[in-house]
Amino acid sequence: MSGAEVTRAGLRGERPGSEALFGNGMNGGPGGGPDGGPAGGRRRGAREAEFTSYYGRPVLKVPHWAATDIAGYLFLGGLAGAGSVLAAGAELTGRRGTARAMKLSSLGAVSLSAAALIHDLGRPERFLNMLRVFKPTSPMSIGSWLLVGYGPLAGAAAAADVTGRFPRAGRAAACGAAVFGPAVAAYTGVLIADTAVPAWHEGHRELPYLFTGSAAAAAAGMALLTGPLPENRPARRAAVLGTAAELAAMHALRRRTGMIAETYRQGTAGRLLRAAEVLGTAGAAGAALLSGRSRRAATLSGAALLAASVCTRFGLFHAGLASARDPKYTVEPQRSRPGGVGRTG
Amino acid sequence: MTTHEPHLLHGPEPDVADAGHPRPPERVGFFTDTSVCIGCKACEVACKEWNAVPEDGLDLTGMSYDNTGALGASSWRHVAFIEQDKPLGGQQTQPELRWLMASDVCKHCTHAACLDVCPTGSLFRTEFGTVVVQEDICNGCGYCVPACPYGVIEQREGDGRAWKCTLCYDRLGAGQEPACAKACPTESIQFGPLDDLREKAAARVEQLHATGVPDARLYGEDPADGVGGAGALFLLLDEPEVYGLPPDPVVTTRDLPAMWRHAGVAAAALLTGLAAVFAGGRR
């Protein structure tokens, strides 16, 4: 649409349109040439050294997710999933009190997490649209189906235990929940890693391990808090195992993500993740050394482990938001990626 | 990435519209040549008018003539405005100064992360090879928002659902070009079959190089790039990040098979680890 007009006098108002030239036929400067590609940037020194952005605005869109809903869901899903394994183990080894407590905890946690997920939808009344398709490329689709499988099993296990009816079916449901549970706990790592958010995506190898470790520690904490003292040896072991796995995965995550690891150290995320480390270490030590004899120590260790898991999930959630807000975490890793820079020319 | 074998989740993909469409028409797209953009924002206005996109704030950003700021739920075209102390091509003025203007839009990626991660199937691939949200299905989960490596798609405040450029799906169906391309007074926004646009873009960048604009480069034209090539190509006069574009975006689902493997190992480790803590006697 160049607005040209044919008149008796000939063509009028003709404009060059998309063929417009403005180079004046001159050489654009040193370093430039017909095949020079991105010469303009290079002319002003080493491109690697300077970081540019569009008025400091983020390249990515920060998700609208509410921290209480989504980070809360990451915690509750882990607590429920790992808790179901402890519940089944306690049931099969005759630890009746712990089994009942963990079944109720898992039912409560999975119910709350489903509520959080639905609450976070822009159109909550359409939550059943999650079950229109089964889509392996969408971790959220897989997660919805996992919850559909896991939730009723956790519910049946708890209901059978509390009412004392259908004990065989209840035990089968508890075992079923113990099989689905770890999948629920592990997939949440994929859920946030399968995004363009640098602090989440670049951790896609470590996040599933970090989240299952954190889930194991949280479930152990709940078992210490609510289970009878004479039954808590497995929970004490699980506390140490889960915390060790979480700390190791967090260490690997920090080391491998390069400059993005800043977002795990700074601001809200940094404070939460430091608190998670302190609480987790204290909770695991308390569980290992004191919680076998002292009710008070078991309660405190359990609470510390649960709080550590909450801090881990909220910390990683906030690290992701911070890494999406600052364009340097998007641009610089892409610039320094091997073989990725020359492509723009 | 050119050496990789064919892969469903990344890499070159010649038959984009074969997603269940029998005998689809040619894949279409945009070529936005920013070297002739005059920053008039007719594309933004035409897009809003045609698609009935609501108003999204009438504030001034105070940073430049760009008061739209970025693409979003209610801005499906966005004209960036950049002032630099660099010469434009062989221009010989003192002081050196140039204005860069560029109309950004959804890239309609060959491998679209938003579409891949959408759990409801609301986002789909049209017969034209474009990526469109079905608003009667979207439940506002917001997963597509952080998935997009360009920060294009967004949930609309108060509405909850995700919105973005449809490449005027309704107009395409009627044999019309998209509203932004129709309204562009300098043909900076060109619409057509993607193969033709790639040729035009290559010719145009060569023409500019030959006439003294060595900064000119294409963006999104390479089918071997991280998103399998974009359905909306750009001719830029500086690095992509100057315009707010990621320099080397990669579709996040490229790594999804690895993520699922790690999650599988982690889940198995959790199950066996927590089973092992019950070993031994009762206390």
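Chain B holds an open sheet of 4 strands in the order E8-E1-E10-E9, and the pairing is mixed. Two strands pair if DSSP finds at least two bridges between them. Helices (H or I, at least four residues) and strands (E, at least two) are DSSP runs, numbered from the N terminus. The model is predicted: local features need pLDDT of at least 70, side-chain atom pairs count only at pLDDT 80 or more, and totals for chains, interfaces and linings use all residues. Residues are numbered from 1 along each chain as its sequence is written, while chains are lettered from A and ligands numbered from 1 in the order in which they are written.

**The sheet in chain B**

- The edge strands are E8(B) and E9(B), the latter spanning residues 217-219, and each of them pairs on one side only.
- On average, neighbouring strands of this sheet are turned by 20 degrees against each other, with direction ignored.
- Axes here are lines fitted to C-alpha atoms, for helices over the stretch in contact, and angles run from 0 to 180 degrees between N-to-C directions.
- Helix H6(B), residues 194-210, lies across E1, E8, E9 and E10 of chain B.
- H6(B) runs at about 135 degrees to E8(B).
- Contact has a cut-off: two residues are in contact if their C-beta atoms, placed from the backbone, lie within 7 Å.

- E1(B) covers residues 28-33 and is mostly covered, with 6 of its 6 residues buried.
- A residue is buried if 20 or more other C-beta atoms lie within 10 Å of its own, exposed if 12 or fewer, and partly exposed in between; C-beta atoms are placed from the backbone.
- Both faces of E1(B) are covered.
- Val28(B), Phe30(B) and Thr32(B) are buried on one side, and Gly29(B), Phe31(B) and Asp33(B) are buried on the other.
- Val28(B) stands opposite Pro193(B) of E8(B).
- With E10(B), residues 232-236, E1(B) pairs in the parallel sense over 4 bridges.
- Phe30(B) stands opposite Ala232(B) in E10(B).
- Phe31(B) has Leu233(B) of E10(B) as its bridge partner.

**Two loop residues with positive phi**

- His108(B) is not a glycine, yet its phi is positive, near 45 degrees.
- His108(B) sits in the loop between strand E3(B), residues 98-105, and helix H2(B), residues 113-117.
- His108(B) counts as buried because it has 30 C-beta neighbours inside 10 Å.
- Cys168(B) is another residue other than glycine with a positive phi, near 45 degrees.
- The loop that holds Cys168(B) lies between strand E7(B), residues 162-163, and helix H4(B), residues 169-173.
- Cys168(B) has 23 C-beta neighbours inside 10 Å, so it counts as buried.

**Where the two chains meet**

- The contact takes 93 residues from chain A and 84 residues from chain B.
- Seven stretches of chain A each supply at least two residues to the side that touches chain B: H1 (39-43), H2 (67-92), H4 (139-163), H5 (167-193), H7 (207-226), H8 (233-256) and H12 (327-336).
- H5(A) gives the largest share of that side, 8 residues.
- By residue class, the side of chain A that touches chain B divides into 43 nonpolar, 36 polar and 14 charged.
- Ala, Val, Leu, Ile, Met, Phe, Trp, Tyr, Cys and Pro count as nonpolar, Asp, Glu, Lys and Arg as charged, and the others, Gly among them, as polar.

- Chain A has 12 helices and 2 strands.
- Along its sequence, chain A follows the pattern β-β-α-α-α-α-α-α-α-α-α-α-α-α.
- Chain A has 345 residues, and 55% of them count as buried.
- In chain A, 74% of the contacts with a separation of 6 or more are between residues 24 or more positions apart.
- Chain B has 7 helices and 10 strands.
- Chain B has 283 residues, and 57% of them count as buried.
- For chain B, residues 24 or more positions apart account for 63% of the contacts with a separation of 6 or more.
- The C-alpha trace of chain B spans about 85 × 45 × 40 Å along its principal axes.

**Confidence**

- pLDDT is the predictor's confidence in each residue, from 0 to 100.
- Chain B has a mean pLDDT of 92, and 94% of its residues reach 70 or more.
- The model scores ipTM 0.93 and pTM 0.91.
- Where pLDDT is low, the predicted coordinates should not be read in detail.
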